[in-house]
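Me: I am new to this structure and would like to learn how to read it. Can we go through it feature by feature?

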Amino acid sequence: RKRAGQALLVRRTFSGRTWAPPLRTGLPVGLWGIPVAAALLLLAMLHSATAANAKTARKQPKEEREYTSDEVAQHDSREKGVWVTYKGRVFDITKFLDEHPGGAIIIQAAGKAIEPFWEAYSVHTVSDLAAELLEGYAIGRLREGSAAPCMVAPAGEKCAMGSGTSADDYDAEIQRHPSLIVLSKKPYNAEPPSEDLSKHFVTPAELSFVRSHIHTPKLDPKEWKVEVTGLGLPDPTAKGS
């Protein structure tokens, strides 16, 4: 490139010959940076405004459909769909039924509020994982003034939650070995310290790993019995055993 007055000469070589057409401009060559810089600034401003609008759009909550508690209560089976409510919002968990780690017991909450169930099976509230997973199945929210399904029973009727467990059931939890490392109290889950395990060839029962989903049931030994079965053991149901 060569500056000659107000003309910019662009020289290129083709087969040994030089082609140099003058490009007349209305500005000295050194001033071309001003409009270029202005154009780049404009592009940056447009990009910034677009990004800000997109961010604002993401922050704006999506309009959610409203449902009454009666509408939720009608979805209480696989055929009708399984809906539940949590903290005033409605979730369709039909597709989650077969993936639920607790198995088919989740159907007990169909058409109802899940707060009482999560209070009983408090493993769901140890972290935010269950609530975050549930969020993926949100379909709307309860209409304002509509009671959570089965949180308020009709006059003269008892609202059957279906779990059969209440938070009070944990008050009578049996005492465990004090050296166990407690992972959660409701339900009770614990593991023995490795140093205690190394002291015994056979792990004592009181030091065994404890894995619970609910409280320890209160059973009358006179009304219940334990059957141990397995390879090489006699069948307890066989005659004469």
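Me: Is Asp76 buried, partly exposed or exposed?

Reply: Relative accessible area decides this: buried is under 20%, exposed is over 50%, and partly exposed lies in between, with a 1.4 Å probe and protein chains only. Asp76 has a relative accessible area of 37%, so Asp76 is partly exposed. The model is predicted: local features need pLDDT of at least 70, side-chain atom pairs count only at pLDDT 80 or more, and totals for chains, interfaces and linings use all residues. Residues are numbered from 1 along each chain as its sequence is written, and side-chain values use heavy atoms, with hydrogens and water left out.

Me: Which residue does the side chain of Asp76 meet in a salt bridge?

Reply: A salt bridge is a side-chain nitrogen of Lys or Arg within 4 Å of a carboxyl oxygen of Asp or Glu. The side chain of Asp76 pairs in this way with that of Lys80, at 3.8 Å from N to O. Lys80 is exposed, at a relative accessible area of 53%.

Me: How many salt bridges does a search of the whole structure find?

Reply: The search finds seven. One of them joins the side chains of Arg89 and Glu64, with 2.4 Å from N to O. Arg89 lies in strand E9 (residues 89–92) and Glu64 in the loop between helix H1 (33–59) and strand E6 (65–67), so this pair ties together parts that are 25 residues apart in sequence. Arg89 is partly exposed at 22% relative accessible area, and Glu64 is partly exposed at 25%.

Me: What else forms a salt bridge with Arg89?

Reply: Glu135 does, with the closest N and O atoms 2.5 Å apart. This pair links distant parts of the chain, since Glu135 is in helix H4 and Arg89 in strand E9, 46 residues apart. Through shared partners, salt bridges join Glu64, Arg89 and Glu135 into one network. Glu135 is partly exposed, with a relative accessible area of 40%.

Me: How many helices and strands does the protein chain have?

Reply: Helices (H or I, at least four residues) and strands (E, at least two) are DSSP runs, numbered from the N terminus. The protein chain has five helices and 13 strands.

Me: What share of the residues is buried, and what share of the contacts joins residues at least 24 apart?

Reply: Of the 241 residues in the protein chain, 25% count as buried. A contact means heavy atoms within 4.5 Å. Among contacts between residues at least 6 apart in sequence, 55% join residues at least 24 apart.

Me: Where is Thr85, and is Thr85 buried or exposed?

Reply: Thr85 sits in strand E8 (residues 81–86). Its relative accessible area is 2%, so Thr85 is buried. The C-alpha atoms of Thr85 and Gly111 are 7.9 Å apart, although 26 residues separate the two along the chain.

Me: Where is Lys87, and what is the value of its phi?

Reply: Lys87 is in the loop between E8 and E9. Its phi is near 55°, a positive value in a residue other than glycine. Lys87 is exposed, with a relative accessible area of 65%.

Me: What volume does the largest pocket have, and which residues lie nearest its centre?

Reply: Pockets are found on a 1 Å grid over the protein atoms alone: a pocket is an open set of points where a 1.4 Å probe fits, with protein on both sides within 12 Å along at least five of seven lines, and lining residues have an atom within 4 Å of a point. The volume of the largest pocket is about 750 Å³. Its lining has 25 residues, of which His100, Pro101, Trp118, His124 and Ala130 lie nearest the centre. Helix H3 (115–120) and helix H4 (129–135) each supply at least two lining residues, and H4 gives the most, with four.

Me: Which residues make the nonpolar surface patch?

Reply: Such a patch takes residues with over 30% relative accessible area and no salt bridge, and joins nonpolar side chains (Val, Leu, Ile, Met, Phe, Trp, Tyr) within 5 Å. Ile181, Leu183 and Phe209 make a patch of about 290 Å². Leu183 belongs to strand E12 (residues 181–184).

Definitions and conventions. Patches are made of residues with over 30% relative accessible area and no salt bridge: like charges are joined within 9 Å, nonpolar side chains (Val, Leu, Ile, Met, Phe, Trp, Tyr) within 5 Å. Accessible areas come from the Shrake-Rupley method with a 1.4 Å probe; for residues, only the protein chains shown count as cover. Grid points are joined across faces, edges and corners, and a volume is the space filled by probe spheres set on the points.
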